[in-house]
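Please look over the model shown here.

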Amino acid sequence: MASLRWAGQPADVRHSSMDDLWFFQVVASNETLTAASRELGCSLSAVSKRLSALERRLDARLVQRGARRLVLTSEGERYAARSQAILDQVRDLEDSLADQSSDLRGLLVVEATLGLGRAHVAPLLGEFGAAHPHLRVRLQTSELPLRPHRRTFDVAVHVGMPPDSSLRMRRLAANRRVPCAAPSYLAERGVPESIDDLARHNCIVLREKESDYALWRFGDTVHTRQMRVHGSLASNDGYVVTDWALQGRGVIMRSEWHVRPYLERGDLVRVLPHIPTPAADIYALHGGDEHLSQRAAQFIDHLSAGLSKRLSSVDPPH
């Protein structure tokens, strides 16, 4: 939805209604105004002036100035949520008309975590786009946690229980996070026999999703245990973390979807296999509205079938 214009309306009405709703959704969905300007295809100064003009028209401050990352005020959060609902209604109307056609058309926006998005969602989305030549597809990957109140996607692929219950979900694949290490590391440093033994090991931590990355969780839904680990290596890139483990540099806690091929080939060994770890299943999420577009529904079906096949492969993700 690059631009919204309705013939027969005065220019000031066109600019102050749907255009402003769409503009602020782009701003609210980005981490900085610079990132928003890139998505909008205009200069940072133009975005800043447009935002200031919108705030003057509404007589409300929408964005906190001076923060390193874009932070919405309470009024901004409210405006973003309500504008998203209005834009969703417009899109639902258009989708309901487009769904009468046998060909999938329009724009499909998919959001995913960086690792899963690159390894599996991107190839499946590419296949889906090739099968529907009249469809435009866009993949947005991020290390940051899902922010449902700034929803700019049709489908989001999320690892673990989503943080917002207003989103509808479909479970795509079973998954859990498991600790593992290379045989060479375990031969040198010994095999941990209890959770407490991890305190004496070099644990490589993955800094992602603004979580307490050094807190590893064990147990099931009834009995849980948390262990704060320490080590000399950390990264926000899951592939870097896994490569370090493969080189024998320490113990990692990674999603089973990612490390299972290495475990099956013996490149990595499961640590503490007798201790369960919490589920972190893979879900497809979409808005809580009743109408789900055909392009989104069919892509979720494609995801479910494709992930099942890809995750059963013994080849490690690229």
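What follows is a short account of some packing features in a predicted model.

**Helix pair**

Helices α2 and α3 pack with their axes 8 Å apart, at an angle of about 130°. The two are therefore oblique to each other. The crossing of α2 past α3 is right-handed. On the α2 side, the contact is made by Trp22, Phe23, Val26 and Val27; on the α3 side, by Leu33, Ala36, Glu39 and Leu40. Seven of these contact residues are nonpolar, one is charged and none is polar.

**Serine 37**

Helix α3 also holds serine 37. Its relative accessibility is 5%, so serine 37 counts as buried. Leaving aside neighbours within four places in sequence, serine 37 is in contact with Cys42, Ser43, Leu44 and Val47.

**Sheet**

Five strands form an open sheet with mixed pairing, in the order β4-β3-β5-β14-β6. Strands β4 and β6 are the edges, and each pairs on one side only. From one strand to the next, the twist averages 20°. Helix α10 packs on this sheet and touches β3, β4, β5, β6 and β14. The direction of α10 makes about 25° with that of β6.

Strands β5 and β14 run antiparallel and are joined by four bridges. In one of these pairings, valine 159 has isoleucine 282 in β14 as its bridge partner.

| Strand | Residues |
|---|---|
| β3 | 106-113 |
| β4 | 135-142 |
| β5 | 155-159 |
| β6 | 168-173 |
| β14 | 282-286 |

Definitions and conventions: Residues numbered from 1 in each chain as written. Predicted model: local features only at pLDDT ≥ 70, side-chain atom pairs only at ≥ 80, totals over all residues. Heavy atoms only, no water. Axes fitted to C-alpha atoms, helices over the stretch in contact; angles between N-to-C directions. Parallel < 35°, antiparallel > 145°, perpendicular 65-115°, else oblique. Left-handed = near helix turned anticlockwise from the far one by under 90°. Contact = heavy atoms within 4.5 Å. Nonpolar A, V, L, I, M, F, W, Y, C, P; charged D, E, K, R; others polar. Buried < 20%, exposed > 50% of the residue type's maximum accessible area, 1.4 Å probe, protein only. Pairing = 2+ DSSP bridges.
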